[in-house]
Amino acid sequence: MRLTRILAPASLVFLVGCHSAYIETTLRNASGHPITLVELDYPSASFGTQSLAPGEEFHYRFKVLGSGDLKLLYTDPANHDQKASGPHLQEGDEGALLVTVTPTGTQWAPTLHSTR
């Protein structure tokens, strides 16, 4: 009984302290035309989707390891490769990121904070 009173609070502190920082990301195609080979590069990795139709969104959650700039790469309907540079991320950043491809370019809307 006495051991339980000691271990229970200690295990609760351990569980509360185990928070993993991640960034909930949405890629949105508001360009009015389909885009293909969509890839978002972030520090230490990347993710993407084969295509995004006009008005379509792709959701992905990732953890930042290291630091560096975001890059969005995609192919437009004329088969031209497009590249847009985004904000800088640091290890421990978390929050939300909205990346919107528009007719005039790429818009980045980060809502991030550091857990460090």
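The model is predicted, so local features are given only at pLDDT of at least 70 and side-chain atom pairs only at pLDDT 80 or more, while totals for chains, interfaces and linings use all residues. Numbering starts from 1 along each chain as its sequence is written, and side-chain values use heavy atoms, with hydrogens and water left out.

**Exercise 1.** State the strand order of the open sheet of four strands and name its edge strands.

Solution. 
- Strands are DSSP runs of E with at least two residues, numbered from the N terminus; two strands pair if DSSP finds at least two bridges between them.
- The order is β4-β1-β7-β8, and the pairing is mixed.
- β4 (57-62) and β8 (105-114) are the edge strands, each pairing on one side only.
- From one strand to the next, the twist averages 10 degrees, taken between N-to-C directions of axes fitted to C-alpha atoms, on a scale from 0 to 180 degrees.
- β7 and β8 run antiparallel and are joined by ten bridges; Leu-98 has Ala-109 in β8 as its bridge partner.

**Exercise 2.** Trace the pairing from β2 through β5 to β6.

Solution. 
- β2 (residues 35-42) and β5 (residues 68-75) run antiparallel, with four bridges. Here Asp-41 is partnered by Lys-71 in β5.
- β5 and β6 (residues 81-89) also run antiparallel, with seven bridges. Lys-71 stands opposite Ser-85 in β6.
- The hairpin of β5 and β6 has five residues between the strands, and Asn-79 takes a positive phi near 70 degrees there.

**Exercise 3.** Describe the surroundings of Asp-93.

Solution. 
- Asp-93 belongs to β7 (residues 93-102).
- Asp-93 is buried, meaning under 20% relative accessible area with a 1.4 Å probe and protein chains only.
- Asp-93 has no salt bridge, a term for a side-chain nitrogen of Lys or Arg within 4 Å of a carboxyl oxygen of Asp or Glu. The nearest side chain of opposite charge is Arg-116, 7.9 Å away.
- A polar atom of the Asp-93 side chain lies 2.9 Å from the backbone nitrogen of Gln-90.
- Beyond four places in sequence, its contacts (heavy atoms within 4.5 Å) include Tyr-22, Val-64 and His-88.

**Exercise 4.** Why does His-88 count as partly exposed, and what does the residue touch?

Solution. 
- His-88 is in β6. Its relative accessibility is 43%, so His-88 counts as partly exposed, the class between 20% and 50%.
- Not counting residues up to four places away, His-88 touches Ser-67, Gly-68, Asp-69 and Asp-93.
- The side chains of His-88 and Asp-69 are joined by a polar contact of 2.9 Å, where a polar contact is a pair of N or O atoms within 3.5 Å, one able to donate a hydrogen and the other to accept it, and residues adjacent in sequence count only if both atoms are side-chain atoms.

Note on methods: Lys, Arg positive; Asp, Glu negative; His and termini not counted.
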